[in-house]
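Please look through the sequence and the three-dimensional view that follow, and keep both at hand while reading this report.

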Amino acid sequence: GISDIQGSRASPPLRFRAMSLIKYLAVFRIKPSLVIVARNSHDSKVVDLEDKCRKVASKILALNKEKKLWSFESKNEGYTIHTCVKPVENEDLVFFAITTLKFPHNPASVFKEFVTKFVRTISVKDIDAAEDDGLTYSAQSVFKAVDQKYGVDKLKDTQAKVDGLKNQLHNNMQDLLERGEQLDEIQMNADQLDQDAKGFKATATDLKWKFCCLNAKWTILLTLFLITIITVIVVAAVCTSDPDACKQK
């Protein structure tokens with residue numbers, strides 16, 4: 001019963017991703033008694049799930065039919081119990097996968113992967129010797145591989161990625177538009193600076209020409225002034241040295 005499961009469990013079950021479509025995976029060994037040798041779950045009601053799996057396994061084994069794959073919907077609880085009974089790889093085992101009601105994958109494909117990876121990862125000797133929960137950690141890679149491949153609705157996952165890309169594209173376009181407005185503003189400022197620079201250059205040229213003319217004017221005046229001074233000095237010197245010659249001139 002449930003108390004037996006809780007009392008014999010060596011460690012708590014590992015957990016899937018919260019959004020996984022797979023609520024629970026487990027491997028039961030039939031002989032010498034029904035024992036859960038490995039389990040993995042993200043559902044908080046894992047004990048209730050295991051109790052139902054145990055009852056399902058007991059009923060199916062009691063029917064003693066050749067049918068390997070079984071599925072049972074529990075609409076009130078919101079999940080479906082899938083089981084693979086006594087697979088050819090190891091007829092002492094029963095595999096369980098509890099999924100959401102709208103599980104998009106084929107259970108046969110899930111169990112093919114689940115069973116194959118488990119029997120390849122765990123030896124027959126270890127399976128036969130395992131106690132309750134004894135192989136949970138040894139089978140971590142198996143549970144992880146099954147969850148990663150079948151625990152995701154690929155269509156919804158793809159749609160979510162597309163929506164994410166659309167949002168990113170929209171944000172990029174908004175950034176480009178904002179940058180375009182900023183570039184237009186920068187261009188206007190650059191044009192204004194160019195006009196100001198041209199005006200400054202024209203003003204500087206005019207001032208340079210004015211200063212050149214003023215400089216030439218003062219140069220000419222200074223030259224004439226110097227010539228006049230020199231002439232006066234020469235005449236004065238001549239007249240001083242030879243007054244008669246100066247009078248004759």
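Is Cys 212 buried, partly exposed or exposed? With a relative accessible area of 42%, Cys 212 is partly exposed, a value that lies between the limits of 20% for buried and 50% for exposed residues. The model discussed here is predicted, and the values below are computed from it.

## Cysteines

A disulfide is a covalent bond between the sulfur atoms of two cysteines, and the structure holds zero disulfides. Cys 53, for its part, is buried, with a relative accessible area of 0%.

## The chain as a whole

The protein chain has seven helices and five strands, and read along the sequence these follow the pattern α-β-β-α-β-β-β-α-α-α-α-α. Of its 249 residues, 31% count as buried, while the chain exposes about 16,800 Å², of which carbon and sulfur atoms supply 58%.

Among the contacts in the protein chain with a separation of 6 or more, 61% are between residues 24 or more positions apart.

## The nonpolar cores

The largest nonpolar core has 26 residues, and those with the most contacts inside it are Val 27, Phe 95, Phe 114, Phe 118 and Leu 135. Two or more residues of this core come from each of strand E1 (22–29), strand E2 (35–41), strand E5 (93–100), helix H3 (107–121) and helix H5 (140–150), and H3 gives the most, with five residues.

A second, separate core has 20 residues, including Tyr 24, Phe 28, Ala 57 and Ile 98.

Which residues of H5 are buried? In this helix, Val 142, Phe 143, Val 146, Asp 147 and Tyr 150 are buried, and because they cover an arc of only 125° around the axis, they are on the same side of H5. These buried residues pack against E1, E2 and H3, whereas on the other side of the helix Lys 144 and Gln 148 are exposed.

Technical notes
Residues are numbered from 1 along each chain as its sequence is written. This is a predicted model: local features need pLDDT of at least 70, side-chain atom pairs count only at pLDDT 80 or more; totals for chains, interfaces and linings use all residues. Side-chain values use heavy atoms; hydrogens and water are left out. A disulfide is a pair of cysteine sulfur atoms within 2.5 Å. Buried means under 20% relative accessible area, exposed over 50%, partly exposed in between (1.4 Å probe, protein chains only). A nonpolar core is a set of buried Ala, Val, Leu, Ile, Met, Phe, Trp, Tyr and Cys residues joined through side-chain atoms within 4.5 Å. Helices (H or I, at least four residues) and strands (E, at least two) are DSSP runs, numbered from the N terminus. The arc is that of the directions from the helix axis to the C-beta atoms. Contact means heavy atoms within 4.5 Å. Accessible areas come from the Shrake-Rupley method with a 1.4 Å probe; for residues, only the protein chains shown count as cover.
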